[in-house]
Amino acid sequence: MLQRRKLGNQGLEVSAINLGTMMMPDNDESVHTIHGALDLGVTMLDTADLYGEEFMLGRFGGNEKLVGRALKDRRHQAIVATKFGVTHAQGPKGDPAYIKKSVDASLYNLGLDYIDLYYQHRPDPNTPIEETIGTMADLVKQGKIRYIGLSEAPADLIRRAHAVHPLTAVQTEYSLWSREVEDEVLPVLNELGIGLVPYSPLGRGFLTGQIKTYEDLPEDDYRRYYPRFQGENFTKNIEIVSLIEQMAMQKGCTPAQLSLAWLLAQGEQITPIPGTKRLDRVQENLGALQVTLTADDLAEIERISPKGVAAGSRFGAF
Ligand SMILES: NC(=O)c1ccc[n+]([C@@H]2O[C@H](COP(=O)([O-])OP(=O)(O)OC[C@H]3O[C@@H](n4cnc5c(N)ncnc54)[C@H](OP(=O)(O)O)[C@@H]3O)[C@@H](O)[C@H]2O)c1
């Protein structure tokens, strides 16, 4: 059985490495990849109501429908995590009426009668977090969701939310080139017994060493709008990746595996969700579980990629 980890203190257990489905196109290869991942022992599939090829047209639910299709007859193998709260035109929303409408839409699109882990995708500045979490707690009572999470929430909001109903997980960007979470959020999660789900754990693919030039990104690739992939920032950041590649070679693993093994070494309740369309890469990424990092290795990684080393903001233009 694939190694498992506890996520939070509410009883949820997931595979140590999971699968992000955000960038999967709605096709048979994606279904094949999800099936293959589940068969390899991956349990948690991470989606959101807004993921999908038609988001820019204001249409939600595309990626959830893909996940739902893949889970037909395989519900028992999966822990399904989805999110609400980022709207196309109105900014983040977390008011009770919006949540009630969103959860029913996600359940419909996924074809499920409950969601395992339901996250608020971004905090809503216009709705007190107590009201948002209170509504999510009602969904737990109704059996529509099992566990509650927040995404990209600051430490103070996490505390307030957890006081209303225990949180199971917080999802935020965390990787060798995005370590901001270590300052305030991670200590609070450890104190309160909340799991951390690092998103973009491979730096949106950059840390795998497969992207060598800006031109390697297809013309319609969203990463072209991310400062870290542009101009001088790209040149500086690729130097870090080449050091990660060298170290991975010495360890006999790939840069993706080294990056994921480093994340897993940052805490017992950390379960990354690398995204890939390809089953061979799911397999490669799970290989991170066989990589042992010694104290010397961790010190070397710290030297190569200390906090704040990446050039450019981690946020894109949209
Ligand atoms: N909460 C949030 O706000 C938020 C934001 C962003 C993402 N997420 C979640 O986090 C998940 C992962 O994040 P992400 O997709 O942004 O970034 P990521 O996991 O850091 O990187 C994904 C990219 O890396 C490539 N890749 C994956 N494994 C590889 C390997 N072994 N070798 C070479 N390339 C590899 C993938 O390409 P291929 O597909 O071609 O393999 C893809 O382009 C998403 O699916 C989503 O569920 C959440």
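**Around the ligand**

Analyst: Happy to! Let's start with Arg204, which has a backbone N or O atom 2.9 Å from an oxygen atom of the ligand. Please keep in mind that this is a predicted model.

User: How much of the ligand's accessible area does the protein cover?

Analyst: On its own the ligand has 900 Å² of accessible area, and the protein covers 93% of it.

User: Which residues come nearest to the ligand?

Analyst: Asp46, Ser200, Leu202, Gly275 and Thr276 do, out of 30 residues around it. Sorted by class, this shell holds 9 nonpolar, 13 polar and 8 charged residues. Helix 9 (residues 279-286) supplies the largest share, with 3 residues.

**Ser178**

User: Why is Ser178 called buried?

Analyst: Its relative accessibility is 0%. Buried means under 20%, so Ser178 counts as buried. You will find Ser178 in the loop between strand 8 (169-173) and helix 6 (185-192).

User: How do you know that the side chain of Ser178 makes a polar contact with that of Glu173?

Analyst: The two side chains are 3.0 Å apart at that contact, and the limit is 3.5 Å. If we set aside neighbours within four places in sequence, Ser178 is in contact with Glu173, Arg228 and Arg314.

User: What makes Thr87 count as buried?

Analyst: Thr87 has 9% relative accessibility. Since the label applies under 20%, Thr87 counts as buried. Thr87 sits in the loop between strand 5 (79-84) and helix 3 (96-110).

User: What does the side chain of Thr87 reach?

Analyst: The side chain of Thr87 reaches the backbone nitrogen of Gln90 at 2.9 Å and the backbone oxygen of Gly91 at 2.6 Å. Leaving out neighbours within four places in sequence, Thr87 is in contact with Phe60, Lys93 and Tyr98.

User: Why does Asp221 count as buried?

Analyst: Asp221 has 11% relative accessibility, and the cut-off is under 20%, so Asp221 counts as buried. Asp221 lies in the loop between strand 9 (195-199) and helix 7 (231-251). The side chains of Asp221 and Arg223 are joined by a polar contact of 2.7 Å.

**A pair of strands**

User: How do you know that strand 1 and strand 2 pair?

Analyst: At least two bridges are needed. Strand 1 (residues 4-7) and strand 2 (residues 12-15) are joined by 4 bridges, so they count as paired. The two strands run antiparallel. Lys6, for example, has Glu13 in strand 2 as its bridge partner. The hairpin they form has 4 residues between the strands, and Gly8 in this hairpin takes a positive phi near 75°.

Terms used: Residues numbered from 1 in each chain as written. Predicted model: local features only at pLDDT ≥ 70, side-chain atom pairs only at ≥ 80, totals over all residues. Heavy atoms only, no water. Buried < 20%, exposed > 50% of the residue type's maximum accessible area, 1.4 Å probe, protein only. Polar contact = N/O pair within 3.5 Å; in protein donor to acceptor, adjacent residues only side chain to side chain. Contact = heavy atoms within 4.5 Å. Near = heavy atom within 4 Å. Areas by Shrake-Rupley, 256 points an atom, 1.4 Å probe, with all protein chains shown as cover. Nonpolar A, V, L, I, M, F, W, Y, C, P; charged D, E, K, R; others polar.
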